[in-house]
Amino acid sequence: MALLLPERKASRYEAGDQPYFAQKLAELCPGCTVDYRNAEQSADTQLQQAKDALDQGAKVLVLTPVDSVAAGEIVTVAKQRGVPVISYDRLVLKTAVDYYISFDNAKVGTLQAQALLTALGAKAAQGEILWINGSPTDNNATLFKQGAHAGLDGKVRVAAESDTAEWNPDNAKAWTARVLPTLRGRTIVGVYAANDGTAGAAIAAMQAAGLPQVPVTGQDAETAALQRILVGDQYMTVYKAIRTEAETAATLANDLVRGKRPTETESVDNGAGQVPSILLDPVTVTKDTIASTVVKDGFVTPGALCAGRYADACRAAGIG
């Protein structure tokens with residue numbers, strides 16, 4: 001079977017999704033192989049990779065689309081060959097897909113909004129925030145944005161808002177660096193950032209501009225982000241149990257290879273109909289809960305998290 005992932009800018013795909021999927025599939029189906037390909041943020045490359053994997057005999061495609069609409073062509077090609085497609089983490093839109101496995105992505109934005117309001121407190125009325133969304137071609141980014149706006153609209157003032165092409169932190173950093181000089185004389189009290197990559201980019205740009213530390217949201221629980229949270233540069237992240245997601249996808253893929261078609265109780269409308277879906281719960285992580293969430297689950301080890309200059313911050317947070 002083929003595992004088609006979208007990019008390497010977010011560390012989760014190489015460090016988490018791919019190995020967790022492969023390990024679980026090896027456990028369930030020792031004779032099965034995983035044809036893993038990464039599209040490096042190119043929808044055209046991903047389409048060609050899917051065609052190549054089908055030519056090599058893939059019996060199931062597990063697909064995280066670079067472009068949620070353009071990926072419909074991949075689904076069409078797979079269906080022509082009778083190969084089922086699992087839309088993994090990001091939903092393929094406007095084309096009938098077999099299954100969808102992800103998190104409640106609108107809830108991700110809701111959790112980010114709630115955490116930012118908690119961090120700001122009375123300061124929410126004393127200044128403005130920068131707002132950095134994800135890629136406009138990723139349906140998840142649309143859902144994060146919807147959840148965050150539902151939680152923050154009318155409660156904060158937005159100095160400037162931008163989508164981040166390809167989820168590329170370099171794009172987010174460049175935008176932040178460009179917009180900050182236009183806001184002189186205005187007080188930035190926080191940053192809504194859709195994921196940890198854009199959060200780190202915004203923090204770097206604000207530090208370079210000599211601005212004070214403010215609460216910044218994030219998502220993916222990347223080790224670098226958790227370290228920023230420990231030292232106070234970033235306020236929170238959203239932890240999505242990637243191991244559970246990847247292992248669930250591997251289990252479903254194994255079932256499909258064996259001719260089983262599980263019946264899911266949830267469904268999501270992708271514009272072409274209702275897609276049988278498995279939606280997992282995201283979790284807010286702050287400095288106070290790193291030990292009881294990502295460390296407890298083994299998502300990150302104390303050794304990796306607390307290396308070097310982060311040792312003291314780890315001890316203060318009860319991690320060791």
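Me: Which pattern do the disulfides of the protein follow, with bonded cysteines counted along the chain?
Reply: This is a predicted model. The structure holds two disulfides. One is formed by Cys29 and Cys32, and another joins Cys306 to Cys314. Counting bonded cysteines along the chain, the pattern is 1-2, 3-4.

Me: How far apart are the sulfur atoms of Cys29 and Cys32, which form a disulfide?
Reply: The cut-off for a disulfide is a pair of cysteine sulfur atoms within 2.5 Å. Cys29 and Cys32 form such a link, and their sulfur atoms lie apart by 1.9 Å.

Me: Is Cys32 buried, partly exposed or exposed?
Reply: Buried means under 20% relative accessible area, and exposed means over 50%. Cys29, with 10%, is buried. Cys32 has a relative accessible area of 22%. That value makes Cys32 partly exposed.

Me: Is the disulfide of Cys306 and Cys314 left-handed or right-handed?
Reply: The link of Cys29 and Cys32 has 65° about the S-S bond and is right-handed. For Cys306 and Cys314, the S-S torsion is about -90°. The disulfide of Cys306 and Cys314 is therefore left-handed.

Me: Which residues of helix H8 are buried?
Reply: Helix H8 spans residues 223-231. Its buried residues are covered by elements including helix H7 (196-208), strand E9 (236-239) and helix H12 (311-316). The buried residues of H8 are Ala225, Leu226, Gln227, Arg228, Ile229 and Leu230.

Me: What residue follows H8, and what is its phi?
Reply: H8 covers residues 223-231. Gly232 follows H8. The phi of Gly232 is positive, near 90°.

Technical notes
Residues numbered from 1 in each chain as written. Predicted model: local features only at pLDDT ≥ 70, side-chain atom pairs only at ≥ 80, totals over all residues. Heavy atoms only, no water. Buried < 20%, exposed > 50% of the residue type's maximum accessible area, 1.4 Å probe, protein only. Helix = DSSP H or I, 4+ residues; strand = E, 2+ residues; numbered from the N terminus. Contact = heavy atoms within 4.5 Å.
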